[in-house]
Amino acid sequence: MSTTTTGPDTTRSAGTPPKLRRRGDLVFSGTALAAGIIILVTLAAVALFLIVQSIPALSADTSGNHILEGQSFLSWVWPFVFGTLWSSFIALVIAAPIAIGIALFISHYAPRRLAGFLGYIIDLLAAVPSVVFGLWGALTFAPMLVPFYKWLNENLGWIPIFSGTPSGTGKTILTASLVLAVMILPIMTAICREVFLQTPKLHEEAALALGATRWEMVRMAVLPFARSGMVSGAMLGLGRALGETMAVTLVLSPLGIITFNLINPENPTTIPAIIALRFPEAHDEGVNTLIAAGLILFIVTFAVNFVARWIVSRRAEFSGAN
């Protein structure tokens with residue numbers, strides 16, 4: 001009679017090979033984990049630096065601060081926060097429909113050769129430096145808009161945002177927002193285009209087989225599937241607009257005012273622009289004040305991304321991918 005022995009290896013069923021991780025898998029997973037940790041550490045270090053350097057600017061006595069000039073920090077920074085949010089919101093409202101339309105045309109309407117050419121041209125816009133956009137906006141685009149602003153004031157002046165005296169140079173918050181819209185257009189278009197192309201072909205073919213037109217197919221199959229992706233693209237574009245410096249600096253004058261008017265010569269400016277303009281002459285507590293303004297921008301950008309992630313996760317269960 002033969003005897004059998006049992007050991008620690010007998011718990012595994014016969015024919016099941018041991019699970020061995022390849023060296024490449026270990027290297028890849030370790031590299032990905034390290035990259036994620038580095039990002040978190042860098043973000044925490046930036047936040048800690050901004051907080052520590054901002055503390056001197058938040059003191060009650062601002063008489064020696066040459067930037068605040070006796071004001072409290074919140075009263076000084078609030079107009080720039082408003083200008084940042086207002087210009088970025090206008091740019092997003094202008095750019096989002098155009099980006100979605102271009103992406104839909106490239107992905108579902110244009111012939112393949114034309115779609116490739118248009119996609120290449122749109123992607124090239126992302127490679128243009130922001131200072132080039134700023135110079136174009138200040139020297140070429142702004143003068144071109146002067147007749148349009150006069151027409152808006154003459155025909156739509158009863159609307160508060162178009163009332164008052166139109167700018168004679170064209171350097172207004174609306175001009176800056178249009179320049180920002182052009183700058184954020186490539187990233188929004190690229191993301192929307194890729195998301196539209198990910199729509200399952202069975203969904204599109206089923207809609208067309210049931211008698212839907214091309215637009216009805218897009219409305220019922222493509223747009224619901226890509227909703228979260230469109231929100232992500234819009235929020236990425238908004239984040240780009242919030243942090244833009246040179247283009248806004250070259251177009252707008254550094255005025256700390258709050259106004260919703262779009263065509264007047266006096267306009268609010270943004271936090272990145274005021275930091276770029278005032279930093280060369282800043283010293284002592286003035287440097288801390290500008291760093292504190294950067295902290296406010298950091299918080300605003302973080303809040304925008306947090307809201308975007310919440311919207312995307314909230315709509316994920318309704319996505320066609322699920």
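Mentor: Before we start, a contact here means heavy atoms within 4.5 Å. The model is predicted, so local features need pLDDT of at least 70 and side-chain atom pairs count only at pLDDT 80 or more, while totals for chains, interfaces and linings use all residues. Residues are numbered from 1 along each chain as its sequence is written, and side-chain values use heavy atoms, with hydrogens and water left out.

Trainee: Which residues does Thr 289 touch, leaving out those up to four places away in sequence?

Mentor: Thr 289 touches Ala 57, Asn 65, Ile 67, Leu 68, Phe 73 and Trp 76.

Trainee: Is Thr 289 buried or exposed?

Mentor: Thr 289 counts as buried because its relative accessibility is 0%. Buried means under 20% relative accessible area, exposed over 50%, and partly exposed in between, with a 1.4 Å probe and protein chains only.

Trainee: And where does Thr 289 lie?

Mentor: It lies in helix H10, residues 285–315. Helices are DSSP runs of H or I with at least four residues, strands are runs of E with at least two, and both are numbered from the N terminus.

Trainee: How many helices and strands does the protein have?

Mentor: There are ten helices and zero strands.

Trainee: Changing topic, what about Asn 155?

Mentor: Asn 155 belongs to helix H4, residues 130–156, and counts as partly exposed because its relative accessibility is 40%. A polar atom of its side chain lies 2.8 Å from the backbone oxygen of Trp 151.

Trainee: What share of the protein counts as buried?

Mentor: Of its 322 residues, 39% do.

Key
Polar contact = N/O pair within 3.5 Å; in protein donor to acceptor, adjacent residues only side chain to side chain.
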